[in-house]
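Please look over the sequence and the model shown here before reading on. The notes after it are meant to be read alongside the structure.

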Amino acid sequence: MPETIGTPILAAPPATGSAEQHMVINMGPQHPATHGVLRLVLELDGEIIVRLYPEIGYLHTGIEKTCEAKFYQQVVPLTDRVNYLDPLANNLCYALAVEKLLQLEIPEKGQWLRVLLAELSRLNSHLIWLGTHAMDIGALTVFLYTFREREEILRMFEALAGQRMMTSYIRVGGVTMEPPLDFFSRVQQFIDILPEKIDEYSNLLTGNPIFRNRLIGVGIISGADAAALGVSGPPLRASGVDFDLRRDMPYSSYEKFQFNVPVSTASDCWARYEVRMLEMRESIKIIQQALDGMPTGPVKADAPKVVLPDREKMKTQMEALIHHFKIVTEGFNVPKGEVYQGIECGHGQMGYHVVSDGSAKPYRVHMRYPSFATLQALEAMCKGRMIADVVAVIGSIDIVLGEIDR
Amino acid sequence: MAEALNTQLEGRQAVVDAMADHAAVRAILQWNAAALTDAQVDRGELSLTITPDQLVAATEAIRAAGYNYFEDMTAVDWFPSSPRFQLSYHFVSHALKERIRLRAFVDGESPTIASVTPAWPAANYFEREVFDLFGIRFDGHPNLRRILMPDEWQGYPLRKDYPVEGYR
């Protein structure tokens, strides 16, 4: 482990070597390859990175503080805005945490629908990663291809939730409503064509000598170092650590699905590329299983004091109207307690830590997002490499600044 | 082991009696039973409360028991009760496929606790975040600076006596 991790370059003495020849330069926060507003301070010896220090917080909006002033159900739309590339995973993680506090059972169809949507959302996240990562490396075409498929996912989200990105579709107690009638056939059509499209991306990149040379052997980190620095998800599995929360600590009935967890031991940017490409194919498998075995029944829990009633019921039944009014104006009380719910999102292990004091507003919501922890490993991955490799490494760990700064 | 997690257990004695064969409970009891002040199994999650001065050693003890991955840490402000701040650390075992929570309580306007960053490099940013937003100091942290808020910011936003809206 580099002993200088976390020491700001401008405040610390220069690293070893002929220090007077070292140069400190600033990369970001408006650099196009930093995927948002990430600022890196680099100490360079020529073009070799001696030290690297990420400076974050440019996108901090205090979402955790805002949550404390909202009712439990009002927090759901806030969660979309944290990791805006994988919106349904955010909803799912928060909903699971609050349901754990309430000890609420979700009907089977609700759970399966959640799995299907979480995987669609993962595909969304991975498609953006692939497009932008390849674009950073200089392969501009792939971006146009992956965004074509991503557009179809967003259109399906729009049909489902009325919103393309900020879906808020998965809520405490189930999902908002039944999906539209043609939704499942649309998903089926999409996953029928997607494997060919993935082959297409692969044809453009896997054999491309420039792409290979930019990724193979770059950004190496051992599995032990990666785990020690908090890396999770595809980058951790690309370093040989075989751990996936979906399989190893299943939630929302993931234990009923058969899928493989791609692992690589090469530990470089290329391994991360391969792991994510395989993961997309596994997601398609999971979606296929969810479509084939989709149970029938309600999509919401039978908990009138927590879950909003259907619109027709609300307009025709006195009880339903009272519950609707109470939930909207007073929220619902959640028993005292502290829970942590972890899920595997597109970037790695996401976690919601919710503390309740028994009232209708969460006492504390803490969000553990994978990019925040993974960023700590950036220095270890880039040290001793060329400055251009930083761009490749940032692309390969797939960060979203919205979830780093929250 | 898994069955015990399905029942509600409140208090140190109840957990020690029911879960003495649990990897983390056994490790903590063997290492220093006196440092374990409280324990709880709630909604399938095991929480162990450790005296704050023993926390770093406790994390080492559970690492030896197989909990190899530092997942998360944060604080909760229980203002105006005392002790005021609760620190929750979450560790995952890749081999046992389990998660446990260690808690420590610190008190006062400007509390201090030993940093776990030298032992768990992943805790670096998380401790900086807690310092930034709660004003809890971590002794032995390599670089305890604000991380999300601007460097010159006054006050600690996630404290309960810090207003959500309006002027400070």
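What follows is a short briefing, grouped by topic.

This is a predicted model, in which local features need pLDDT of at least 70, side-chain atom pairs count only at pLDDT 80 or more, and totals for chains, interfaces and linings use all residues. Residues are numbered from 1 along each chain as its sequence is written, while chains are lettered from A and ligands numbered from 1 in the order in which they are written.

**Chain A as a whole**

- Chain A has 17 helices and 8 strands; helices (H or I, at least four residues) and strands (E, at least two) are DSSP runs, numbered from the N terminus.
- A compact globule of 406 residues would have a radius of gyration near 22 Å, and chain A agrees because its value is 22 Å. The radius is taken over C-alpha atoms, and the globule rule is 2.2 Å times the number of residues to the power 0.38.
- Along the principal axes, the C-alpha atoms of chain A fill a box of roughly 80 × 45 × 35 Å.
- Of the 406 residues of chain A, 51% count as buried. A residue is buried if 20 or more other C-beta atoms lie within 10 Å of its own, exposed if 12 or fewer, and partly exposed in between, with C-beta atoms placed from the backbone.

**A sheet and the helix on it**

- Strands of a sheet pair through backbone hydrogen bonds, either parallel or antiparallel.
- In chain A, an open sheet of 3 strands has the order β6-β7-β8, with antiparallel pairing; two strands pair if DSSP finds at least two bridges between them.
- Its edge strands, β6 (337-345) and β8 (364-368) of chain A, each pair on one side only.
- Strand β7 (residues 348-356) of chain A is joined to β6(A) by 9 bridges, and A:Gln341 stands opposite A:Tyr352 in β7(A).
- Helix α3 (residues 87-102) of chain A packs on the sheet and touches β6 and β7 of chain A. Residues are in contact if their C-beta atoms, placed from the backbone, lie within 7 Å.

**Helix α16**

- Helix α16 (residues 387-397) of chain A is largely enclosed by the rest of the structure, because 9 of its 11 residues are buried.
- Among the buried residues of α16(A) are A:Asp389, A:Val390 and A:Ile397.
- A:Asp398, which follows α16(A), has a positive phi, near 55 degrees.

**Contact between chains A and B**

- Chain A gives 38 residues to the contact and chain B gives 28 residues.
- On the side of chain A that touches chain B, the elements giving two or more residues include β6, β7 and β8 of chain A.

Notes:
Two residues are in contact if their C-beta atoms, placed from the backbone, lie within 7 Å. Axes are lines fitted to C-alpha atoms, for helices over the stretch in contact, and angles run from 0 to 180 degrees between N-to-C directions.
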